[in-house]
Amino acid sequence: MPAIPTAAAAPNPTNLVLSRRRREGLLLRFPSSSSPSSTRLRLRLTPARPRAAASMSAEARAAPVAPPPHPTYDLKAVIDLALSEDAGDRGDVSCLATIPSDVKAEATFIAKEDGVIAGISLADMIFKQVDPSLKGMIQHMSWDGIDNIFWAILQVEWFENDGNYVYKGLQFGKVYGCARSIIVAERVVLNFMQRMSGIATMTKAMADAARPACILETRKTAPGLRLIDKWAVIIGGGKNHRLGLFDMVMIKDNHISVAGGITNAMKSVDQFLEKEKLTLPVEVETRTLEEVKDLLDYAAENKTSLTRIMLDNMVVPLENGDVDVSMLKDAVQLINDRFETEASGNVTIDTVRKIGETGVTYISSGALTHSVKALDISLKIDTELALQVGRRTNRA
């Protein structure tokens, strides 16, 4: 049954009067503490779109996808910053001018194009930070006769999970509460959800094409949004590369150049980790087959902490738009499963399948986060008018 708004406290079931009106639905009427007249709430019986007909039961909703763990990242502070840059020193003057503080509203999330939805858990956090009272939704109501009514409250009602595929025009969630609070939260929620959904959508496409290789993002994320961007990659079916400079030793071309060669760099890493008594994954970037051989020779003769070899720019673009992966294949065969392998460079949705077929363990793509196309999503109070406009502009 569709959700309906409830008062701050659930009405006394014994005082609740239910009457059925022809083709209008159920009228719920109960005494109001602030008015001698009854408070009325109408539950419409008109069928909704099949996918948005009812909120998901606890059993149907998958466990939320948790953000990647980070020792210092403060997700609440990121949300606060996003809200603060909107509010400035006056708050939402448009809402203050047009909407009384006690007005309640219900708003609906609408997908305006096909894609993978992401950011539902983050949206819950944002709504809670804006206004903890944004939680007056009756998720489910059932009765056995008139005297036995069960109420279940949700902060926001969702019809889909993070990671689900949504279609243009789909109503996939609702929020009920103070109208001002909903509108203040709206743009911040949508900015995060649209970006995360765009990342998740591209990640899903790349991950499906890359199999059996796993798709990774990189550190090429929006400043301040590292955890959120990487969270979206997980939701889309990818895996996370290192979160920062602290959780993996990654020896890249500049380190190798300063250290005086790939063998010297790897030797220094082993000595450092032993001295500091640290256990961390270690990846080394190689750019030529000679560097791969030098690294393998070092590993064969020394106890080493090396765990993964990056094969950088060994995918060569051709004039006809195809790619030559023969060098990458040769490197994978040289390594022969002694270490994990990671292909990097010239990775696109058009080339990732061919790269994945070479036998590499991982394929990393900076484009997942640095060139994201946001998924178009809206949050509308007048849902029917929004859908009419959407259909007129081919976005619903």
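Among contacts in the protein chain between residues at least 6 apart in sequence, what percentage join residues at least 24 apart? The value is 73%, where contact means heavy atoms within 4.5 Å.

The model is predicted, so local features need pLDDT of at least 70 and side-chain atom pairs count only at pLDDT 80 or more, whereas totals for chains, interfaces and linings use all residues. Residues are numbered from 1 along each chain as its sequence is written, and side-chain values use heavy atoms, with hydrogens and water left out.

The protein chain contains 12 helices and 20 strands; these are DSSP runs numbered from the N terminus, with at least four residues for helices (H or I) and at least two for strands (E). Of its 396 residues, 45% count as buried, that is, under 20% relative accessible area with a 1.4 Å probe, protein chains only (exposed is over 50%, partly exposed in between). The accessible surface of the protein chain is about 20,400 Å², and carbon and sulfur atoms account for 51% of that area, as computed by the Shrake-Rupley method with a 1.4 Å probe.

An open sheet is formed by 6 strands in the order E12-E19-E18-E15-E14-E13, with parallel pairing; two strands pair if DSSP finds at least two bridges between them. Strands E12 (214–216) and E13 (249–251) are the edge strands, each pairing on one side only. From one strand to the next, the twist averages 25°; axes are lines fitted to C-alpha atoms, for helices over the stretch in contact, and angles run from 0 to 180 degrees between N-to-C directions.

Strand E13 runs parallel to strand E14 (residues 282–286), and 3 bridges join them. Val249 has Val282 in E14 as its bridge partner. Helix H8 (residues 289–301) lies across E14 and strand E15 (308–312), at about 145° to E14.
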